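Try each one yourself before reading the solution.

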Amino acid sequence: EHAGKGVSQEEAARELDMTVGAFKKNYHEFRQRLRKELLLEVGKYAGPDKREIEAEIKYLIALFVESSP
């Protein structure tokens with residue numbers, strides 16, 4: 001379970017008819033791709049300093065967290 005919300009990885013794997021190991025591998029790869037794509041996309045508007053880009057991503061994530069129920 002991530003951040004105390006949603007379903008566990010075990011439950012997600014079961015729903016997707018995957019082993020827990022396969023789910024964890026795919027989830028890890030997804031997060032890596034997402035991070036790479038976010039850095040590239042946000043880097044178009046904030047940067048070029050990597051610290052500025054990461055600060056902008058943290059700010060955007062905070063906006064989503066604040067607006068979630």
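Asp17 is exposed, with a relative accessible area of 73%; exposed means over 50%, buried under 20% and partly exposed in between (1.4 Å probe, protein chains only). This is a predicted model, in which local features need pLDDT of at least 70, side-chain atom pairs count only at pLDDT 80 or more, and totals for chains, interfaces and linings use all residues. Residues are numbered from 1 along each chain as its sequence is written, and side-chain values use heavy atoms, leaving out hydrogens and water.

**Exercise 1.** Find the place of Asp17 and look up its phi.

*Solution.* Start with the place: Asp17 sits in the loop between helix H1 (9–15) and helix H2 (20–43). Helices here are DSSP runs (H or I, at least four residues), numbered from the N terminus. Next, the phi of Asp17 is near 55°, a positive value. Most residues other than glycine have a negative phi.

**Exercise 2.** Work out where the salt bridge partner of Glu54 lies.

*Solution.* First apply the rule: a side-chain nitrogen of Lys or Arg within 4 Å of a carboxyl oxygen of Asp or Glu. Glu54 pairs with Arg35, with the closest N and O atoms 3.0 Å apart. Glu54 lies in helix H3 and Arg35 in helix H2, so the pair ties together parts 19 residues apart in sequence. Finally, check accessibility: Glu54 is partly exposed at 26%, and Arg35 is partly exposed at 45%.

**Exercise 3.** Describe the salt bridge between Glu29 and Lys25.

*Solution.* Their closest N and O atoms are 2.8 Å apart. Both belong to helix H2, where being 4 residues apart separates them by about one helical turn.

Definitions and conventions
Helix = DSSP H or I, 4+ residues; strand = E, 2+ residues; numbered from the N terminus.
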